[in-house]
Structures are given as structure tokens and as C-alpha cells.
Amino acid sequence: MERRSFLKNAGAGLAAGAAAVAGPAMAAELPTIKWRLASSFPKSLDTIYGAAETMAKRVAEATGGKFQIQVFAAGELVPGPGVLDAVKDGTVEIGHSASYYFVGKDPTFAFDTALPFGLNSRQQTAWMMQGGGLQLLREFFKDYNIYNIPCGNTGVQMGGWYRKEIKTVKDFEGLKMRIGGFAGKVIAKLGAVPQQIPGGDIYPALEKGTIDAAEWVGPYDDEKLGFNKVAKFYYYPGWWEGGPQLSVYVNQKQWEALPKEYKAILEDACLYAHADMQAEYDAKNPLALKKLVATGTQLRPFSAEVMAAAYKAAFELYEETAASNPKFKKIYDAWKKFRDDQILWFGVAESRYDNFLQQQRSGAKK
């Protein structure tokens, strides 16, 4: 019995050893791949640009350097707004961008980032990962020869910088504002004149008076870009970006050619960067906001009148777009149902909890 037991255990040990040897041997057979990634963001915005670098670093580490992705800032390979086409056409293998930059091609792109009065960051991730959103959007992106992967979120953004106060809806009339995505069409309904300007070009446009207002992300990025030096009033919340998601675009043919091991590693690295970006913004925004206020920034909430008018305009626009765009309607119907259920759930627990803590903090300060 002892001899048979010894031989059995020895055989198991040899099998385990063989498996351990086979793992690295199999990894050694995987190809060396080098890709170029075109970002829509400048290097100066270390958090939003940095998500692509975080992803690329983890891919390289997980593959022993065999799968390398070199990140290029906006303008180094292609302009920031050219990332989608660069990936679609195979100019680069991979890109990192905010899909709502491309609503001029099709408003359906907005669902991959954010719509006014839409999902917050947790809800957006839930819809994408568990609510069917990713499947719907990957079907849509196939028409652009792209495999999309969520890769970053800023959390709810600020409502932007203004040269004058925005007290009523009438204050939007004739206002030239840099604003991204579907939100431009919403504020146009309120009388404003939306402007599409890349992040790196916003400051000089605001400084020269080419525009009257601008939104970007939030306190950390906005302070770095110096908007407080050329506009006094800082409004909140950014009702057009409750949880704007960034995405990695992979050329469809390049994706299909990847070994399955590399596909899994790339998607896992994107998911890590997705969470890491949100965490970094949440950690850095509070101090940045305090610094802005301490240096004279006038913090203002949008009035209930402005919020209600914008909400009405937004959903009128969605219904109009859904009536004329079948691709938009297909995703909108699913998105809206998910959104309504999320509002119900968050109202029961999350909002009550957050509001109570805010009340306690305000009371303690008194």
C-alpha cells in the first residue's frame, strides 16, 4: 500500500511539475506585438491621458513585454478628433477617446460616453458590464470596424466656467460655449451657441473672448488648464455628464488577429485603468476645488429653473432623434429603461445616505 501510495503521489507531483513547465513554454510561443495608440488627450492632462498609459503598462507587464502598446498624445500621430477614423481605417491599431466627440457622425456614439441627465459613473459601468450596454454598442461599433472596451470614467463633472453669472435660462441666449457631445444640441435649444474645441485649445479661446464659457472635466483638470484665470464663475453640476466613460478602440481586424491570451489581458488592463481613473479623480478633485475657491473662483449651482429647462430640452431631443434614427432608438429604449430602474434604486439607498452625510457635514461646520 505504501509503495502504491508513493507512486501515486510521485505521479501527481510530476504532472504538476509538467504543467508548471508548460505554462511558460506556452507563453514563450506567443508572438511579440507592438501597437501604436492614438489618444484624444494632451499629456498635460495626466489623469485622463494617463489611463491609456496605465492600461499599456499592465499589458506589457502581464505579457513579459511581448505585447507592447506605445501611447501617443493628441496631435502626435493624429489630431484628437481624428482618433476614431484613425483606428477605423487602420492608421493605428488602437485609440483612446470619448465617443461622444463623434456625435456629428451619429448621435448614437453618445451612449458610449454620456448623455445629459443620464447615468452616473457607477450606473454607466453597470449598464455596460451587466445591463447589456456593451453588447449593444459593440454591434453599433462594428459598422466602424472597431472593437470598443470601456477604459476610464471621470465621475460627474462640473458645469463649466463662465464670464458672467447664469441665473436664468435667458442667460444662455447667444452664449458661445465650448461643450462636448450631445449637450451642445441641448444648450442650443436654450439659445446658446455650442462650440467643439479640443481640450488643449480651450484656454486661449476663453482668454481671447472667442467663447464666453467652457466646460472640461472638473477641479483637478480645470485648475491645471488655468480656466480660473480667464473666467470667474464655476457652475455645478455638469448635468450633461453624470458619468462620462472613456473607451479604448481596437481596429476590428487587429482585434481578431490577437491571441486569446492577449485579448483577455488587454480587456483586464482596460478594466483596471477604468477603475483607476475614477479613483484618481475622486482623490484629487476635493483639494483642487478648495484651491480654486481660495484663489477667488465663484462657485455657483445651476438654478432649478435652468436644470428643469435643460432636462425638458434633453428628453425632447432624445425622442426626436429616436424617431429618425433606428440605431439610436434601439439603444435608447434599452438605456432609458435601465436608467429609470437605477434612479429608483439609487433613490432608496445611495441618495439618502449621501444626502444625510452632507447634512451632517454642513451641521458640524456650523
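Analyst: This is a predicted model, and it holds one cavity of 30 Å³ or more. The space in the largest cavity comes to about 90 Å³. Its lining consists of 13 residues, and those that lie nearest the centre are Ile48, Tyr100, Tyr101, Gln157 and Glu241. Sorted by class, the lining of the largest cavity comprises nine nonpolar residues, two polar residues and two charged residues.

The strand pairing can be described from E1. Strand E1 covers residues 33–39 and is mostly covered, with five of its seven residues buried. Buried here means under 20% relative accessible area. E1 has a parallel partner in strand E2, residues 67–72, and six bridges join the two. Within this pairing, alanine 38 has phenylalanine 72 of E2 as its bridge partner. Between E1 and E2 the chain passes through helix H2, residues 46–62, in a β-α-β crossover that is right-handed.

E1 also pairs with strand E3, residues 94–97, again in the parallel sense, over three bridges. In this pairing leucine 37 stands opposite isoleucine 94 of E3. In a regular strand, side chains alternate between the two faces of the sheet.

Taken together, E1 is joined in parallel to E2 by six bridges and to E3 by three bridges.

Conventions:
Residues are numbered from 1 along each chain as its sequence is written. This is a predicted model: local features need pLDDT of at least 70, side-chain atom pairs count only at pLDDT 80 or more; totals for chains, interfaces and linings use all residues. Side-chain values use heavy atoms; hydrogens and water are left out. On a 1 Å grid over the protein atoms alone, a cavity is a set of points where a 1.4 Å probe fits but cannot get out, and a pocket is an open set with protein on both sides within 12 Å along at least five of seven lines; lining residues have an atom within 4 Å of a point. Grid points are joined across faces, edges and corners, and a volume is the space filled by probe spheres set on the points. Ala, Val, Leu, Ile, Met, Phe, Trp, Tyr, Cys and Pro count as nonpolar, Asp, Glu, Lys and Arg as charged, and the others, Gly among them, as polar. Buried means under 20% relative accessible area, exposed over 50%, partly exposed in between (1.4 Å probe, protein chains only). Helices (H or I, at least four residues) and strands (E, at least two) are DSSP runs, numbered from the N terminus. Two strands pair if DSSP finds at least two bridges between them. A crossover is right-handed if, with the strands pointing away from the viewer, the path from the first strand over the helix to the second runs clockwise.
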